[in-house]
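Visitor: I would like a close look at a single part of this model. Please take me through it step by step.

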Amino acid sequence: MPRKNNLKQFADEATGVRLSSHEKLCAERMENILKSIEEMKKEIKSLRQDVSMGKGGLKVILAVGTILVGIIGFFQFK
C-alpha cells in the first residue's frame, strides 16, 4: 500500500509542477497579447488622424477646384 501512496504523491507533485509551468506560459502569452493590443490601439489612432487629414485635404482641393472651374466658366460665357 505505501507504494500507491508514493505514486499518488508523486503524481500530485508532477501535476502541480505542470500546472505552475502552464500558468507561467499562459501569463507570458497574455502579456504578449496585451502588448500587441496596445500597439494596435496606437496604430489605429495614428491611422485615424491620417485619414482625417486626408479628408480635410480632399475637401480643400475640391473647394479650390470648384472655385477655379467657376471662375473659368464665368469668363468663358462672357
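Visitor: Is Glu-31 buried, partly exposed or exposed, and what is its relative accessibility?

Guide: This is a predicted model. Glu-31 has a relative accessibility of 46%, so it counts as partly exposed. The cut-offs explain the label: buried means under 20%, exposed means over 50%, and partly exposed lies in between.

Now look at the partner. Glu-31 forms a salt bridge with Lys-35. Their closest N and O atoms are 3.6 Å apart. Side chains of opposite charge can pair when their charged atoms come close. The cut-off for a salt bridge is a nitrogen within 4 Å of a carboxyl oxygen. Lys-35 is partly exposed too, because its relative accessible area is 49%.

Next, the spacing along the chain. Glu-31 and Lys-35 are four residues apart in helix 1, so about one helical turn separates them. Helix 1 covers residues 2-76. The protein chain has one helix and zero strands.

The count of salt bridges comes to two. Besides the pair of Glu-31 and Lys-35, Lys-41 and Glu-38 join their side chains at 4.0 Å, N to O. Both of these residues sit in helix 1. They are three residues apart, about one turn of the helix. Lys-41 has 47% relative accessibility, so it is partly exposed. Glu-38 is partly exposed as well, because its value is 43%.

Now turn to the nonpolar side chains. Met-30, Ile-33, Leu-34, Ile-37, Met-40 and Ile-44 make a nonpolar surface patch. The patch has an area of about 570 Å². Take Ile-33 as one of its members. Ile-33 lies in helix 1. Its relative accessibility is 44%, so Ile-33 is partly exposed. A patch residue needs over 30%.

Step back to the whole chain. Of its 78 residues, 1% are buried. The accessible surface comes to about 7700 Å². Carbon and sulfur atoms hold 67% of that surface.

One last stop is the rings. A search of the whole structure finds one aromatic pair. It is edge-to-face, because the ring planes of Phe-74 and Phe-75 stand at 70 degrees, with the centres 5.5 Å apart. The cut-off for that label is over 60 degrees. Phe-74 and Phe-75 are both exposed.

So return to Glu-31: it is partly exposed at 46%, and Lys-35 is its salt-bridge partner.

Conventions:
Residues numbered from 1 in each chain as written. Predicted model: local features only at pLDDT ≥ 70, side-chain atom pairs only at ≥ 80, totals over all residues. Heavy atoms only, no water. Phe/Tyr/Trp six-rings, centres within 6.5 Å; stacked < 30°, edge-to-face > 60°. Buried < 20%, exposed > 50% of the residue type's maximum accessible area, 1.4 Å probe, protein only. Patch = residues over 30% accessible without salt bridge, like charges linked within 9 Å, V, L, I, M, F, W, Y side chains within 5 Å. Areas by Shrake-Rupley, 256 points an atom, 1.4 Å probe, with all protein chains shown as cover. Helix = DSSP H or I, 4+ residues; strand = E, 2+ residues; numbered from the N terminus.
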